[in-house]
Amino acid sequence: MLQVNNLHAEVEDTKILNGINLEVNPGEIHAIMGPNGSGKSTLAQVLAGHEAYKVTSGEATFEGRDLLDMAPEERARRGIFLAFQYPVEIPGVNSAYFLRTGLNEIRKARGEDPMDAIDFLGLIREKLALVKMDESFLKRSVNEGFSGGEKKRHEILQLAVLEPRLAILDETDSGLDIDALKIVAHGVNTLHSPDKSIVVVTHYQRLLDYIVPDFVHVLMGGRIVKSGDKSLALELEQRGYDWIAQETADRVADTVGV
Amino acid sequence: MSVDKSTDRREWYLASFRGFEKSLNGGTASALHQVRRAAIDCFAETGFPSRRDEGWRHTNIAPVARISFRSAPDSPPAGLSADQLAPFTYPGLDGTQLVFVDGHFAPSLSTQETSLPPGVVVGSLAAALKEVPDLVEPHLGQNAPYAGEGFAALNTAFIRDGAFVYLPAGAGLDAPVHLLYLSTARAENEGQDAGDGPPVTYPRTLIVAEDKARGSVIESYVGLEPEASYLTNAVTEIVLGAETRFEHCKIQRESGGAYHVASLHVTEAQGCRFTSHNISLSGQLIRNDITTVLAGEGVESTLNGLYLASGDEHVDNHTCIEHASPDCVSHEFYKGVLSGQAHGVFRGKIHVHKVAQGTDAYQSNQNLLLSDDAQITSKPQLEIYADDVKCSHGSTTGQLDEDAIFYLRTRGLSRAGATGVLTQAFAGEILDLIGFEPVRDRLAQLVSAELEATLHNGSGARE
C-alpha cells in the first residue's frame, strides 16, 4: 500500500529526513516512535504533501502511484488521511460544512454522488457517537475555541467520516487524558479493517496499549534505526531512547571502523 | 462615447440642467427647485473633484468626469418584466418593494405592503413631493451637503424621483422596505451634440423616522446587463429622531462597466440605535461616502461594510463618524476582498468634537488580497478634540493562512476550493451582521458565486 524508499527531506535548508524506508501493507498498524526532533512529524507532513517540506531524494508510492507527485488534495482523494498534531482553527467555517465539503470531494473522486445535507446528518450522528461528541460541535467553527482534547477527537471524527485507506495519526495522544485517549483509540480501532492501514506517530507508548501495532519503528536523526514488534514499544517505555542512540552510534562506529 | 480630455464637462451638465428645467413644465417655482438651483450653482463653481482634493487622492475620477453622460429615459422599457427583476429580489422579505427603473418609479413592478401602520409613508419621492410636501421639504437636500461635493451637487440639482420613507413617532415597521434601483443602461435619444454618451441616473432617497420609531430599509443598486456602462450618482439622506431604531442595508451590484458614486448622510438624535451595512459586489468604479452625525447624547451607531473587487475594479469607501454629542458609541467594521489588479480604498474618519466627552469609538478594517497585483489603501483618521474618550482602530491586510489552506487540502479540497471556503468565511463575518435572513443567505450565495468565478478564471488565485 505505502512504500517509502530512502526518503530525504528538508525544510528551509535544514535536513530532517535522512533516508526513510517504510513499507505498510493493507490492514497493518505501524507505530513510529522517537524522541523529540527526530523527524516523526516531518515524515507525517511529507506523506500528506505539505509544501514547506522539500523532498530532496528518495521515493514514495501509494498503491503503486508516485505519491510525491500528487497534490495534498489528490492524496486525500486517493485515501490518505493525516490527523494533525496541531489541528488548525478556521474561524467562520462550521464543522458540519467543513466535514461535508471534504467528504463530497472525496466521494466525487471515488465516482460517488455527493451526499446531501439530510443523508449527511444521518451519517454524522453515527460518527459523533463513536467519538462521544455532541451534535452542537457541528455548528461551531472548526477547532475554534476547542480544548486540546476536543481538537483531537474532532480529528478522529473526520477520520471516521472520510474513511481513508491509510490513516496517519500525528501525536494524536498528546495532551489527552486517559478517558479521551480511550475514546480516540476506540474510534481508530473501529475504523481499522483488513484493507485499511494505520500509521501511529507517537512519543509515548501509552496510546499503543489501546491501538496495538503490528510493527514498531524507532526514528532517530531522520532515519528509522530500529524496527520490531509491539514489545519494542514496551522496552522503549522502560528504558527510554538513549540505549538505542548508543546502539546506533556503536553500529555506525563499527561500520566506519573507528 | 464622447470624451473631452481638457475639461470635466461642466458646461455639458449646465446645458443638461437647462434642458431638465424646461422639462419640469413650470415646476420651477417650488421650494425644491430653489434647492436644485443652489446645487447646480455649487456644481458650476467647483465641478467634479480631482486627485488634488484630499478626499479623492486615491481614486482617479477623471475618466468619469470626462464622459458626457446623458439622462436616462423617463419611462421603463416596454416589456421589462418581474421575471427580469427576480435575480435582484429577496424572496422571504414580505415588506414593500419599490422598483425604480433608470431612476424613475415603476409602480407596475412594485409591491406595496397592505397593512402599513397609520401615518407611515412608503412611496416615490415624486409622489410625496406632491402629496405630503410638508413631510419632505424640511429634510430633502437639507442634510447631505452639496457645496464642494460635485457629485452630490449634481444629484441634488437633478432631483426628480426616488424614494421617500416616513415613519411617524412611535411607528414600527416590521418588514424591511426594499428600494430596488435598476439601471437598464439605455440613454435618451435626443440627438444632442454630445453623441452617444452612456446614461446617468440620479437616485435620491429620503428616510425620516420620528422619535421612537423603528424600521429598516434595504437599498439595492443593480445593473440589468452584466457588462453595461453607465453612471449611478446616488444620494440618500436619513434623519432619525430620538430613540429610533433603524437598520439600513445598501447592496451594490452594478454592471461590470458601471460607475457608482454615492453618498449616505445620517443624522441621529439622542438615544438612537442605527446600523448601516454597505455591501459592494461589483462595478468598474465604486465610491461610497458615508457620514453619520451623532447629534444627540447616548447614540449607538454601527457601520459595517464588505467590498469585493476583482479584475481591474476600483472600490473606495469613505466613512466619517461625527461624534458631536457626549456619551455616544460607534462601531465600525469593514472588510475587503481584492483580487486580480483590483484596487480598494478605505478611509475611516472618526471626528470626536470637543463636547463629545465619554465617546467610545472603535474602527476595524481588514483586507484580504488574493493576488499579487491587488492593492489596498487603508487610512484610519482619528481626530479627537475631547479628552475623556475611548477611541481605537485596527487595520490588517494580508493573505489567507497557508496552514488553513493545507489543512483543507488534506481533507480533499483543491487549493481554489480551500481559498474559496476561507474567503467566504472571511466575508461571512460581515454578512452575518445583517438582520434579515433572506438577505443574508442570498448575499452569501452571491459572494460565493463571485468568489468561485474569480478563483476559477485564475485572475484571483495565488499559486
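What is the mean pLDDT of chain B, and what share of its residues reach 70 or more? The mean is 92, and 95% of the residues in chain B reach 70 or more; pLDDT is the predictor's confidence in each residue, from 0 to 100.

Residues are numbered from 1 along each chain as its sequence is written, and chains are lettered from A and ligands numbered from 1 in the order in which they are written.

The model scores ipTM 0.95 and pTM 0.89. Two stretches of chain B need care. Over residues 1-6 of chain B pLDDT stays under 50, and the model has 13 contacts beyond four places in sequence for them. Residues 459-463 of chain B also stay under 50, with 19 such contacts. By contact I mean two residues whose C-beta atoms, placed from the backbone, lie within 7 Å. Where pLDDT is low, the predicted coordinates should not be read in detail.

Let's take chain B as a whole. Its secondary structure comes to ten helices and 21 strands. Helices here are DSSP runs of H or I with at least four residues, strands are runs of E with at least two, and both are numbered from the N terminus. The radius of gyration of chain B is 22 Å, close to the 23 Å that the globule rule gives for 463 residues, so chain B is as compact as a globular protein of that length. The radius is taken over C-alpha atoms, and the rule is 2.2 Å times the number of residues to the power 0.38. Along its principal axes, the C-alpha trace of chain B spans about 70 × 55 × 45 Å. Of the contacts in chain B with a separation of 6 or more, 82% are between residues 24 or more positions apart.

How much of chain B is buried? Buried residues make up 52% of its 463 residues. The cut-offs: buried is 20 or more other C-beta atoms within 10 Å of a residue's own, exposed is 12 or fewer, and partly exposed is in between, with C-beta atoms placed from the backbone.

Six of its six residues are buried, so β5(B) is largely enclosed by the rest of the structure. Four bridges join β5(B) to β4(B), residues 121-124, and that pair runs antiparallel; there B:V121 has B:Y166 as its bridge partner. Strands count as paired if DSSP finds at least two bridges between them.

Now the core. The largest nonpolar core has 195 residues, and A:F81, A:A83, A:I168, A:V200, B:V165 and B:L240 are those with the most contacts inside it. Such a core is a set of buried Ala, Val, Leu, Ile, Met, Phe, Trp, Tyr and Cys residues joined through C-beta atoms within 7 Å. Helix α9(B) gives the most to this core, with eight residues. B:L240 touches, among others, B:F246, B:V266 and B:F274.

On to where the chains meet. 19 residues of chain A are in contact with 15 residues of chain B. On the chain A side, the elements giving two or more residues are α2 (72-78), β7 (90-94) and α3 (95-109). That side has eleven nonpolar, five polar and three charged residues; Ala, Val, Leu, Ile, Met, Phe, Trp, Tyr, Cys and Pro count as nonpolar, Asp, Glu, Lys and Arg as charged, and the others, Gly among them, as polar.

Helix α8(B), residues 402-409, is mostly covered, with six of its eight residues buried. What covers those buried residues includes α2 and β7 of chain A together with α9 (415-431) of chain B.

A few stops in chain A to finish. Four strands form an open sheet in the order β2-β1-β4-β5, with antiparallel pairing. β2(A) (14-24) and β5(A) (65-66) stand at the edges with a single partner strand each, so one side of each is left without a neighbour in the sheet. Eight bridges join β1(A), residues 2-11, to β2(A), where A:V4 has A:L22 as its bridge partner.

Helix α1(A), residues 40-48, has eight of its nine residues buried, so α1(A) is largely enclosed by the rest of the structure. After α1(A) comes A:G49, whose phi is positive, near 100°.

Definitions and conventions:
This is a predicted model: local features need pLDDT of at least 70, side-chain atom pairs count only at pLDDT 80 or more; totals for chains, interfaces and linings use all residues.
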